[in-house]
Amino acid sequence: MLVVLAVVAGMVGADRLNDRPLPLTPTPTAGPTSTTAPTKATVPPLRWIPSVTPLRVKAQPGPYPGPDPGGIVRDVTSLVRGCQGKSRVRLWAKIQGKVWLIAAKPTPPGQQRVCWASALMNQGGGGSLGVQSPQLKPLRAGSGGGGGNRQLGVVSGMVTKRAVRLRVLFHKGHPLDLVPVDGGDGVPVNFFAGFYLETGPPPAEHQRRESPVDRVIAFDQAGNRVAECRMRFGPSNTC
């Protein structure tokens, strides 16, 4: 599962002063407080699901061409643990001053695992990165970044080599179609990445953020569905 990098911001209100002149007569005593219960129209929902605008940015196979003044390739490749051989960048994309990278090592013969890591970095260095689960499965996906207010988000992962196309379904936004990138020699899966902007204000302080991604579906050459998962924050997640 890709590490989810979510930014949750609170909304802070500001008091407003009233500049009207003081009354010449005593102010009447306030009446009883209204006991009217708040309605669904006045109370924001407990869950916050952002609207998204998919971006038509195509991820590229490695190696990453640079420039790399911040050493981001070194940072992500050094995270890959286990397996054998050299850790290499297998997929990358540049967008809005940031770089998305997936690095992996070849899997030893006879083993059922994937040794890989991913990162969303600034081109000059710094950002967020993490090691991903080595469990081999037909489809593994996660989302990161985002946070509302047109912040960049990414949905990415690994998929069976039988898949030639993926469709990302958002809760609030148009679908995003992706083509996986070959994982390379010795890597038993292919990788994919898609990008989007989260629109609207960030969640209120009491709201629980939910993933903007609803489902990811993988299709083979004949158009048959070969894998599908639902993305959730918590135990109901199947991605």
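Thr107 is buried, with a relative accessible area of 10%, where buried means under 20% relative accessible area, exposed means over 50%, and partly exposed is in between, with a 1.4 Å probe and protein chains only. The model is a predicted one, in which local features need pLDDT of at least 70 and side-chain atom pairs count only at pLDDT 80 or more, while totals for chains, interfaces and linings use all residues. Residues are numbered from 1 along each chain as its sequence is written, and side-chain values use heavy atoms, with hydrogens and water left out.

Thr107 is located in the loop between strand 5 and strand 6; helices (H or I, at least four residues) and strands (E, at least two) are DSSP runs numbered from the N terminus. The side chain of Thr107 reaches the backbone oxygen of Arg113 at 2.8 Å. This is a polar contact, meaning a pair of N or O atoms within 3.5 Å, where within protein one atom must be able to donate a hydrogen and the other to accept it, and where residues adjacent in sequence count only if both atoms are side-chain atoms. Leaving aside residues up to four places away in sequence, Thr107 touches Cys83, Arg113, Val114, Gly186 and Pro188, with contact taken as heavy atoms within 4.5 Å.

## Cysteine links

Cys83, one of the residues that Thr107 touches, is joined to Cys115 by a disulfide with an S to S distance of 1.9 Å; a disulfide is here a pair of cysteine sulfur atoms within 2.5 Å. This pair links distant parts of the chain, with Cys83 in the loop between helix 1 and strand 4 and Cys115 in strand 6, 32 residues apart. The link of Cys83 and Cys115 is right-handed, with 75° about the S-S bond, and both cysteines are buried. For Cys83 the relative accessible area is 17%, and its phi is positive, at about 55°, although Cys83 is not a glycine.

How many disulfides does the rule give? Cys229 lies in strand 15 (residues 225-230) and Cys239 in the segment after strand 15, so the pair ties together parts that are 10 residues apart in sequence. The torsion about the S-S bond of Cys229 and Cys239 is about 85°, and the disulfide is therefore right-handed. Cys229 counts as buried at 2% relative accessibility, and Cys239 is buried with a relative accessible area of 3%.

| Disulfide | S to S distance | Torsion about S-S |
|---|---|---|
| Cys83 and Cys115 | 1.9 Å | 75° |

Five strands form an open sheet in the order 3-4-5-6-7, with antiparallel pairing; two strands pair if DSSP finds at least two bridges between them. The edge strands are strand 3 (60-61) and strand 7, each of which pairs on one side only.

Strand 6 (residues 115-122) and strand 7 (residues 127-131) run antiparallel and are joined by five bridges. Along this pairing, Ser118 stands opposite Gly130 in strand 7, and Met121 stands opposite Gly127 in strand 7. The two strands form a hairpin with four residues between them, and Gly125 in the turn has a positive phi of about 110°.

## Backbone geometry in the loops

Which peptide bonds are cis? The bond from Gly62 to Pro63 is cis, with omega near 5°, and the bond from Gly66 to Pro67 is cis, with omega near 0°. Pro63 is found in the loop between strand 3 and helix 1 (72-77), and Pro67 is placed in the loop between strand 3 and helix 1.

Gln96, a residue other than glycine, has a positive phi near 50°. Gln96 is in the loop between strand 4 and strand 5 (98-105) and counts as exposed at 52% relative accessibility.

## A buried glutamate

Glu198 lies in strand 12 (residues 190-199). Is Glu198 buried or exposed? At 0% relative accessibility, Glu198 counts as buried, and its side chain makes a polar contact with the side chain of Arg209 at 2.7 Å.
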